[in-house]
Amino acid sequence: MADIMMWEALVRAHDEEMANDPMVIAMGEDIGVVGGTYKATLGLYDKYGEQRVIDTPISENGYTGLGIGASFLGVRPIIEIMSVNFAWLAMDQIFNTAAKVRYMSGGQLEAPVVIRSPGGTAHQLGSQHSARMEKVFMGVAGLRVVTPSSPRQAYGLLKSAVRCNDPVFINEHELMYNMKGDVPAEEYFHPLEGSEIAREGRDVTLFGYNISVHWCLKAAGLLSKHHGIEAEVIDLFALSPLDREGIRNSVNKTHRAVIVEEAEPAVGVAAEVMAIINEECFFELDAAPVRVSALNVPIPYNHAMEKAALPDENDVVDAVRKMFGV
Amino acid sequence: MKNADKKRVLREMLFARRFEERCYEAYVERKIGGFLHLYPGEEACAIGVLEAAKVGHDYVITSYRDHIHAIKSGADPKKVMAELYARETGVSKGRGGSMHIFDIANRFMGGYALVGGPFPLAAGIAKGIQMQGGDEICICFLGDAANNQGTFHESLNMAKIWNLPVLYVCENNLYGIGTRIDRSTAVIDQYKRVSGYNIPSAQEDGQDVDLVYKAANKAIRHVRAGKGPYFLELMTYRYRGHSMSDSNAYRAKTEERMWSGRDPVIMLRDRLIEAGQLTHDEFKEMDTEILDEIEDEIIRYAAESPEPPASEVGRYVLAENDPWVKGGVQ
Ligand SMILES: Cc1ncc(C[n+]2csc(CCOP(=O)(O)OP(=O)(O)O)c2C)c(N)n1
Ligand SMILES: [Mg+2]
């Protein structure tokens, strides 16, 4: 085990996969000479050269499509889109090509690309740099969506994503690249499907993913300390497909669910988890599931307003207290 | 083009014409569904260019107007027709349809419906070729109106800076659906538009298969020699509407007559007859043979093939049994 930052875990995953397979390449804006806006490819340009660590022009749809085309021939591109807000420009190639080409070719062709991108809301970056787009990606068949909550997951998810033959979108978080955590010293591949129990509990399940796992864990600590409520925290590191079994197992145990997301509520992760709970274990519920989401607004620049637009651990605590009437 | 090859090329163009006309009928009979974009009038483009390529070795990618590009790349016309009939025996197992013909064994990398979508895919295939170190090239056929997409500019730029082995062929039929090129596009000559990317280019008569072949040969030699991308514009015309749902009411009769007077099949036929390499009777015989083949073999195969089982609708969404989904075999 080594205690390293998330960006260091990402560098290690890139490095190991590039060393393992000469067809693995990294591409994106300022990922080469500069080493990446969040340092996820630091040092790789010097090690692997400009043919494999490619500084792209600012052409999101173009270079994403290029990576997809290369993947048809067995290249395994790891494409960094500098900010998830810019991924909107690449939606055409991601959705119309990568997600559909296996299907519409009758299984003849596949697009094993990895697209990683920092999403989420950081500090006062304004409306056009604060998108939370995981809901958009998970709504389309043919694409896998994963999202790490720790350096260990960031490392292991990227490694499995590179080797998997499906296109995988990795939703990272702008605020988490400097987060520290244990990563196994030996090589580790994280599953691309499933969920993890981040904290065992018996009274209520808090579902989170990526940054909201940490709000859930903090909230669980507060609930235990002040109210004697033992919350289970489920880390939904895989958003597509979602782990129906894991969701069912936990709700069958606690009979209550609160789903926590950083994004606007409509057509979102929480809405989808609620639907699954409905379908899988409605009669196990002791209370109607509740979601804790952002407000349905573009993210403002003003600090206090930005804070007001986003949920945090206190909103989770409040939701649980309301559910229990305490 | 060698004289010996010309007769075969004539046959291929005539076959392409008859194949597409038969598709038209099948669509009217409701045997083919969805959007159907046909190629009559433009045969010399795909067939002339790919005659100069190494089909099955070079990679080919194009838009939704893709039947003939696939067939010339080596796809079995029976399986292309079966695809249009939405059968399990179709090239794309009935999941693709007219706009999504794929034949990866022959390196026909697909037909794509999004205008401009294949530009970066072709550059990516070329990047793959470059990494593998082979002498293949990627040939991307797209229409004139596609050049107004951002992907055109993004892809030409990347192809140039990374010196990728890709040949872009613009089939300039003067229209994007019903909008004439001068109403949609600031520069009419498409080959001039790539000079901004420092990419060599040429414009050629797309109705004369001899000229297309010559121009393509030069272009392909350039790309295969490792000199980077090339752009070839072919001036052509489609006889039918954009797709089967297009009324085709926006074009002047005089314009249509002018182009049908330069029919690629007739031009080559007459040239061969004049040179004494073909007789009128031989041509008629060739035509009858083709019509019989289409009816007795191709249509029959498609019509008699089974449809894919509806129970398999969930297949090919994701990879089957991919071990890395579970974190590998540990
Ligand atoms: C992104 C996108 N926008 C619009 C369309 C609808 N559309 C289909 S074909 C076409 C015209 C394309 O013309 P051109 O590129 O010249 O090719 P041609 O059909 O003439 O061969 C349009 C607008 C589409 N399929 N994709
Ligand atoms: Mg056109």
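Is B:Cys170 buried or exposed? In this predicted model, B:Cys170 is buried, with a relative accessible area of 1%. The legends below describe this residue and several other sites.

**Figure 1. Cysteines without disulfides.** Across all chains of the whole structure, a search finds zero disulfides. B:Cys170 takes part in no disulfide, and the nearest cysteine sulfur, which belongs to B:Cys45, is 9.3 Å away. In chain A, the cysteine sulfur closest to that of A:Cys216 is in A:Cys281. These two sulfurs are 17 Å apart, too far for a bond. A:Cys216 counts as buried, at 0% relative accessibility. As background, a disulfide is a covalent bond that links the sulfur atoms of two cysteines.

**Figure 2. Surroundings of B:Asp58.** In chain B, B:Asp58 belongs to the loop between helix 2 (43-51) and strand 1 (59-62). The residue is buried, and its relative accessible area is 1%. Its side chain makes a polar contact with the side chain of B:Arg224 at 2.7 Å. The side chain of B:Asp58 also reaches a backbone atom, the nitrogen of B:Ile137, at 3.0 Å. When neighbours within four places in sequence are left aside, the residues in contact with B:Asp58 are B:Ala53, B:Arg107, B:Asp135, B:Glu136, B:Ile137 and B:Arg224.

**Figure 3. B:Ala52 in the loop between helix 2 and strand 1 of chain B.** B:Ala52 is located in this loop. The residue is buried, with a relative accessible area of 13%. Not counting residues up to four places away in sequence, B:Ala52 touches B:Tyr213, B:Ala216, B:Asn217 and B:Ile220. B:Leu318 stands 266 residues from B:Ala52 along the chain, and the C-alpha atoms of the two are separated by 37 Å.

**Figure 4. The magnesium ion (ligand 2) and its donors.** Which residues coordinate the magnesium ion (ligand 2)? The ion is coordinated at 2.1 Å by B:Asp144 (OD), B:Asn173 (OD1) and B:Tyr175 (O). Along the chain, the donors follow the spacing D-x28-N-x1-Y. B:Asn173 counts as buried at 6% relative accessibility, and B:Tyr175 counts as buried at 5%.

**Figure 5. Nonpolar cores.** The largest nonpolar core has 80 residues. The residues with the most contacts inside this core are A:Phe72, A:Phe137, A:Phe207 and A:Ile277. Helix 5 (residues 118-132) of chain B gives the most to the core, contributing seven residues. From chain A, the core draws at least three residues from each of domain 1 (2-183) and domain 2 (196-324). A second, separate core has 62 residues, and B:Ala26, B:Ala46, B:Met81 and B:Ala216 are among them.

**Figure 6. Contacts of A:Phe137.** A:Phe137 is one of the residues with the most contacts inside the largest nonpolar core. With residues up to four places away in sequence not counted, A:Phe137 touches A:Val84, A:Ala87, A:Met91, A:Ile94, A:Phe95, A:Leu143, A:Val145 and A:Phe169.

**Figure 7. The two domains of chain A.** The domain assignment of chain A gives domain 1 (2-183) and domain 2 (196-324). How far apart do the C-alpha centres of domain 1 of chain A and domain 2 of chain A lie? The distance between these centres is 26 Å. Where the domains meet, 29 residues of domain 1 of chain A are in contact with 31 residues of domain 2 of chain A.

Methods
Residues are numbered from 1 along each chain as its sequence is written. Chains are lettered from A and ligands numbered from 1 in the order in which they are written. This is a predicted model: local features need pLDDT of at least 70, side-chain atom pairs count only at pLDDT 80 or more; totals for chains, interfaces and linings use all residues. Side-chain values use heavy atoms; hydrogens and water are left out. Helices (H or I, at least four residues) and strands (E, at least two) are DSSP runs, numbered from the N terminus. Buried means under 20% relative accessible area, exposed over 50%, partly exposed in between (1.4 Å probe, protein chains only). A polar contact is a pair of N or O atoms within 3.5 Å; within protein, one must be able to donate a hydrogen and the other to accept it, and residues adjacent in sequence count only if both atoms are side-chain atoms. Contact means heavy atoms within 4.5 Å. A disulfide is a pair of cysteine sulfur atoms within 2.5 Å. Donors are N, O and S atoms within 2.8 Å of the metal (3.2 Å for Na, K and Ca); water is not among the atoms, so sites may look incomplete. A nonpolar core is a set of buried Ala, Val, Leu, Ile, Met, Phe, Trp, Tyr and Cys residues joined through side-chain atoms within 4.5 Å. Domain bounds come from an automatic or database domain assignment.
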